[in-house]
Amino acid sequence: MTNNDILRSVRYMLNLSDAKMVEIFALAECDVPQADIQAWLKKDDDAAFRPCPDVLMGYFLNGLIFYRRGKSEDAPAPSIERKMTNNIFMRKLRIAFDLKTTDIPDVLKRVNFTVSQAEIGAIFRKPDHKNYRECGDQILRNFLKGLAMIQRPKSEKPA
């Protein structure tokens with residue numbers, strides 16, 4: 001998945017305005033103009049579309065962690081990765097939404113996608129670990145859909 005896909009998904013999931021997205025970047029001490037965010041959120045075939053760089057996506061995810069969980073003076077700020085991978089996206093989203101590794105399969109079950117706890121554990125391992133596994137786009141996409149179902153439940157229609 002691209003950085004832009006994830007930005008769009010998180011924006012929809014949390015119902016964020018452009019101004020709120022600027023605030024989230026600012027929480028990670030990164031100034032991003034609203035015009036850049038609007039260009040990143042455009043569809044890929046739009047003439048105004050621009051890809052979101054990995055470094056800025058790292059700032060956004062760190063800002064999202066601070067936005068959702070608050071900034072701790074005791075803990076150091078998460079590092080900013082220069083190259084984003086699906087595994088990093090999963091790790092940072094898990095932290096931002098205060099999920100345990102054991103919660104991930106439940107999120108995926110909401111969209112009828114089954115993954116074993118061992119597979120999830122392998123995704124969160126360090127890349128040099130012998131049981132490390134790269135997170136595929138399908139797992140990340142379904143994880144984002146499951147999170148959206150949790151964050152934006154469909155309102156019940158009156159009978």
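A caution before the details: the model is predicted.

I'll start with the core. The largest nonpolar core has 44 residues. Its members that touch the most other members are Met57, Phe60, Leu64, Met90, Leu93, Phe97 and Phe143. At least two core residues come from each of these helices: α1 (3-14), α2 (18-27), α3 (34-41), α4 (54-69), α5 (86-96), α6 (104-109), α7 (117-123) and α8 (137-151). The helix that gives the most is α8, with six residues.

Take Met90 from that list. Setting aside neighbours within four places in sequence, Met90 is in contact with Ile104, Ile123, Phe124, Cys135, Ile139, Leu140 and Phe143.

Now the polar residue, Asn86, which sits in helix α5. Is Asn86 buried or exposed? Its relative accessible area is 11%, which is under the 20% cut-off, so Asn86 counts as buried. And what does the side chain of Asn86 reach? It reaches the backbone oxygen of Cys135, at 3.1 Å. Again leaving out neighbours within four places in sequence, the contacts of Asn86 are Met1, Cys135, Gly136, Asp137 and Leu140.

Last, two loop residues. Asp98 is in the loop between α5 and α6. Its phi is positive, near 55°, and the residue is not a glycine. With a relative accessibility of 52%, Asp98 is exposed. Asn112 is in the loop between α6 and α7. Asn112 is not a glycine either, and its phi is positive at about 55°. Asn112 is exposed, at 72% relative accessibility.

That is the end of the talk.

Terms used: Residues are numbered from 1 along each chain as its sequence is written. This is a predicted model: local features need pLDDT of at least 70, side-chain atom pairs count only at pLDDT 80 or more; totals for chains, interfaces and linings use all residues. Side-chain values use heavy atoms; hydrogens and water are left out. A nonpolar core is a set of buried Ala, Val, Leu, Ile, Met, Phe, Trp, Tyr and Cys residues joined through side-chain atoms within 4.5 Å. Buried means under 20% relative accessible area, exposed over 50%, partly exposed in between (1.4 Å probe, protein chains only). Helices (H or I, at least four residues) and strands (E, at least two) are DSSP runs, numbered from the N terminus. Contact means heavy atoms within 4.5 Å. A polar contact is a pair of N or O atoms within 3.5 Å; within protein, one must be able to donate a hydrogen and the other to accept it, and residues adjacent in sequence count only if both atoms are side-chain atoms.
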